[in-house]
Amino acid sequence: MNIEEKRILVTGVAGFIGSNLTDRLLNLGANVIGVDNLFNGRLENLEEALNYKHFQFHKGDIRDLNFLLDIFKDIDIIFHEAAFTSVPQSIKMPESCNDVNINGTLNLLNAARKRDVKKIIFASSSSIYGDTPTLPKIESMPRIPISPYGVTKLTCESYMQVFHQVYGLNTISLRYFNVFGPRQQDSPYSGVIAIWLGQIIKNKNLIIFGDGNQSRDFTYIKDVVQANILAAENKISGEILNIAAGSPIKLLDLAKLMLKLTNKEDLGINFDLPRPGDIIHSFADISKAKEVLKFQPKYTQELGLRDYFEWYCKKYGINLKIK
Ligand SMILES: NC(=O)c1ccc[n+]([C@@H]2O[C@H](COP(=O)([O-])OP(=O)(O)OC[C@H]3O[C@@H](n4cnc5c(N)ncnc54)[C@H](O)[C@@H]3O)[C@@H](O)[C@H]2O)c1
């Protein structure tokens, strides 16, 4: 299935990943209908998309079935990015996380079935693996989430597989590993790279929760967008695939790399207590995505950081000398 001229629905369109994916889809010539309730998303993320005449934005909630049925007209593909996305917030408010992620996703699947949508690509997460010691994380291993957020993502993956098996809907779940890049919010609940960049800009020391020896497989947004488009064009269904750079970095090394690249090595690194629900090591085996989707990450963490910092400085008129 080629993306050009397809009618595509993106949920969570005003969020970090949804908006980057939408810009690329529009650039490829697709018609995109975007949905977001603006709980966490921002209209400023849609500035580029709104320049395209084949883009429509609908403010609404994925838990509202009538709203979805009204806007679902001849949709070929859904990229489902909308979610309650914060692990720490999911620990404080498990019911809200459950409601948006599980009830919202089930609603979307039901609307898709009623309106004969051909394909859904679901944004799952490495959080479903929990803190099992086995590394790298491979799709076939046991999944033992340690946060309500992880539980909801695992349940949604199961719904994707059941809707494939029972109703013949074409579904794919992509398990993203720590995505970073342009438009990621600098808030206590977002990814650490955006938070640290905010601290660097304000000339503040970086804060690490834990001893810094925990590792993550940080994945650049452009590689995640590439994986989604490959998944849309592929015929596979009912499958689950890890999407990551496939190379882990310790948080302490990442902090030092960010300070070096931004010429801010004079700033210090402070350590705080580990956060509940945070896993220690995360590192993906991406051989399935490479084989099935021909996915090939193009950004090492350093390349991704440079691209992100350059975008940030240009967007906000900040004069950081990137090394
Ligand atoms: N960023 C990451 O590192 C990462 C890693 C793994 C998985 N994911 C998944 O990828 C997807 C996108 O994440 P993101 O980082 O762009 O997060 P984000 O918070 O920037 O985007 C999520 C969007 O969903 C919208 N939304 C929330 N509840 C909604 C509802 N009830 N109805 C309609 N819209 C709603 C928000 O307003 C927001 O714009 C999410 O499903 C997330 O769980 C992200």
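Asp 116 sits in the loop that runs between helix H4 (94-114) and strand E5, where helices (H or I, at least four residues) and strands (E, at least two) are DSSP runs, numbered from the N terminus. Asp 116 is not a glycine, yet its phi is positive, at about 60°. This is a predicted model, in which local features need pLDDT of at least 70 and side-chain atom pairs count only at pLDDT 80 or more, while totals for chains, interfaces and linings use all residues. Residues are numbered from 1 along each chain as its sequence is written, and side-chain values use heavy atoms, with hydrogens and water left out.

A cis peptide bond links Pro 136 to Leu 135, with omega at about -10°.

What surrounds the ligand? The shell has 28 residues, and Ile 17, Asp 36, Asn 40, Tyr 149 and Lys 153 come nearest; a residue is near if one of its heavy atoms lies within 4 Å. By class, 13 of the shell residues are nonpolar, 10 are polar and five are charged. Here Ala, Val, Leu, Ile, Met, Phe, Trp, Tyr, Cys and Pro count as nonpolar, Asp, Glu, Lys and Arg as charged, and the others, Gly among them, as polar. Helix H1 (16-27), strand E5 (119-125) and helix H5 (148-167) each supply at least two residues of this shell, and the largest share, three residues, comes from E5.

Some side chains can be followed atom by atom. An N or O atom in the side chain of Asp 36 is 2.6 Å from an oxygen atom of the ligand. Taken alone, the ligand exposes 820 Å², and the protein buries 93% of that (Shrake-Rupley method, 1.4 Å probe).

The chain as a whole is divided into domain 1 (7-179 + 218-243) and domain 2 (185-216 + 247-281 + 301-316), with bounds from an automatic or database domain assignment. Their C-alpha centres lie 26 Å apart. The contact (heavy atoms within 4.5 Å) takes 19 residues from domain 1 and 21 residues from domain 2. Between them the domains bury about 1,700 Å², 55% of it on carbon and sulfur atoms; buried area is the accessible area (1.4 Å probe) that two parts lose on being put together, summed over both.

Technical notes:
Polar contact = N/O pair within 3.5 Å; in protein donor to acceptor, adjacent residues only side chain to side chain.
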